[in-house]
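Trainee: Could we go through this model together before I write my notes? I would like to start with the overall picture and then move to single residues.

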Amino acid sequence: MPAALTAEQERAGREAASKEAADTVLKAFGGVRGMIDMTLPGLLFIITFNITHEVAPAAWAALGLSLLFVVVRLFRRETVQHAFSGVFGVALGAWISMKTGKAENFYLPGLLWNVGYCVGLAVSALVRWPLIGVMLGPITGEMFTWRKQNPGRLAAYTKATWAWVVIMGIKPLILFPLYFTGNVNLLGWLKVALGIPPLLLAMYVTWQILLKAPPPIKAEVDEDEQAEEPK
C-alpha cells in the first residue's frame with residue numbers, strides 16, 4: 001500500500017511539474033498585456049486613417065500609443081521587452097508608410113516579420129532546436145536539458161513549434177493578398193482581427209501539448225562556476 005501511494009504521489013508530482021511548465025507559455029509571450037500592446041497601435045492607425053484620410057497623423061498616433069505603453073511599463077517597473085519590440089515594429093511601419101505615402105505599408109513590416117518568424121520556427125524544428133523549447137527552457141528552469149536528457153520534451157517542443165508554424169502561417173496567407181490589392185481598410189481591420197485569436201490558439205495548443213509531456217529536468221548549476229567570483 002505505501003508503495004502504491006508513493007507511485008501515485010510521484011505521478012501527481014510529475015503532472016504538477018508538467019502543468020507548471022505548461023503555464024509558462026502565456027508568460028513567455030508577454031501575457032494578455034503584451035498581446036494588447038501589440039494590437040492597439042494597429043487599431044488606432046486604421047481608425048485615425050479613416051477619420052483623417054492621411055497617413056502621417058495615423059502613423060504618429062500609432063507610434064505615440066506604442067511609446068505610451070513603454071512609459072507606463074517603466075513607471076510601473078514592469079518588463080519592457082515586448083513593449084519595446086512593439087515600438088520598433090510600429091516605428092518602422094510608420095516610417096515606411098509616411099515615406100511612401102501608402103497607408104498599407106504601415107502593416108508591411110509586421111507581415112514580413114510574421115513570414116520570417118514562421119520560417120525561423122520551421123527551420124528550428126528541422127534542426128532539432130525547436131524555438132518554443134528555446135524560449136520556454138530558461139523560464140521553466142530546464143534551460144536546454146530537453147535536447148539530450150529529456151527526449152519526450154524535445155518531441156513535445158518540436159510538435160508545439162510545428163503547431164505555431166501552421167497557426168501563425170494563416171495570417172500572412174490571408175493578409176498578403178490584401179496588401180497587394182491596396183485595400184487599406186480591409187487589411188487594417190483583418191490585421192487587428194487576426195492579431196490575438198491565432199496567438200491565443202497557438203498558446204492553447206502548446207499548453208495542451210506540454211501538459212502531456214514529461215516534466216522538465218531542471219538544469220544543474222555548475223558549482224565551480226557558482227563559487228567563482230570575479231577578481
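Trainee: How much of the chain is buried?

Mentor: Of the 231 residues in the chain, 42% are buried, where buried means under 20% relative accessible area, exposed means over 50%, and partly exposed lies in between, with a 1.4 Å probe and protein chains only. This is a predicted model, in which local features need pLDDT of at least 70 and side-chain atom pairs count only at pLDDT 80 or more, while totals for chains, interfaces and linings use all residues. Residues are numbered from 1 along each chain as its sequence is written, and side-chain values use heavy atoms, with hydrogens and water left out.

Trainee: And what is the pLDDT like?

Mentor: The average over the chain is 82, and 79% of the residues score at least 70, pLDDT being the predictor's confidence in each residue, from 0 to 100. Over residues 1-5 the pLDDT is below 50, and this stretch has zero contacts in the model beyond near neighbours in sequence, a contact being heavy atoms within 4.5 Å. Residues 222-231 also stay under 50, and for them the model has one contact beyond four places in sequence.

Trainee: Which secondary structure does the chain have?

Mentor: There are 12 helices and zero strands, counted as DSSP runs numbered from the N terminus, with helices being H or I of at least four residues and strands E of at least two. As for how the chain is tied together, among contacts between residues at least 6 apart in sequence, 71% join residues at least 24 apart.

Trainee: What does Phe-45 touch, then?

Mentor: Leaving aside neighbours within four places in sequence, Phe-45 is in contact with Val-55, Ala-58, Ala-59, Ala-62, Ala-103, Phe-106 and Tyr-107. Val-55, Ala-58, Ala-59 and Ala-62 are also among the buried residues of H4.

Trainee: Where do the buried residues of H4 sit around its axis?

Mentor: They fall within an arc of 150 degrees seen down the axis, so they line one face of the helix, the arc being that of the directions from the helix axis to the C-beta atoms. The face turned away from that buried side carries the exposed residues Trp-60, Val-71, Leu-74 and Phe-75.

Trainee: And how far apart are the end C-alpha atoms of H4?

Mentor: They are 30 Å apart, which agrees with the 30 Å that its 21 residues should span at 1.5 Å a residue; the expected span is 1.5 Å times one less than the number of residues.

Trainee: What about H10, which residues are buried there?

Mentor: In helix H10 (residues 184-193) they are Val-184, Leu-187, Gly-188 and Val-192. These cover an arc of only 125 degrees around the axis, which puts them on the same side of H10.

Trainee: Going on from there, is Leu-194 buried or exposed?

Mentor: Leu-194 is buried, with a relative accessible area of 17%, and its place is in the loop between H10 and helix H11 (196-211). Not counting residues up to four places away in sequence, Leu-194 touches Lys-171, Ile-174 and Leu-175.

Trainee: Changing topic, which value does phi of Met-143 take?

Mentor: It is near 55 degrees, a positive value in a residue other than glycine. Met-143 is found in the loop between H7 and helix H8 (145-148), and at 36% relative accessibility Met-143 counts as partly exposed. Arg-128, in the loop between H6 and helix H7 (131-140), likewise has a positive phi, near 65 degrees. Just after H4, Arg-77 takes a positive phi of about 60 degrees.
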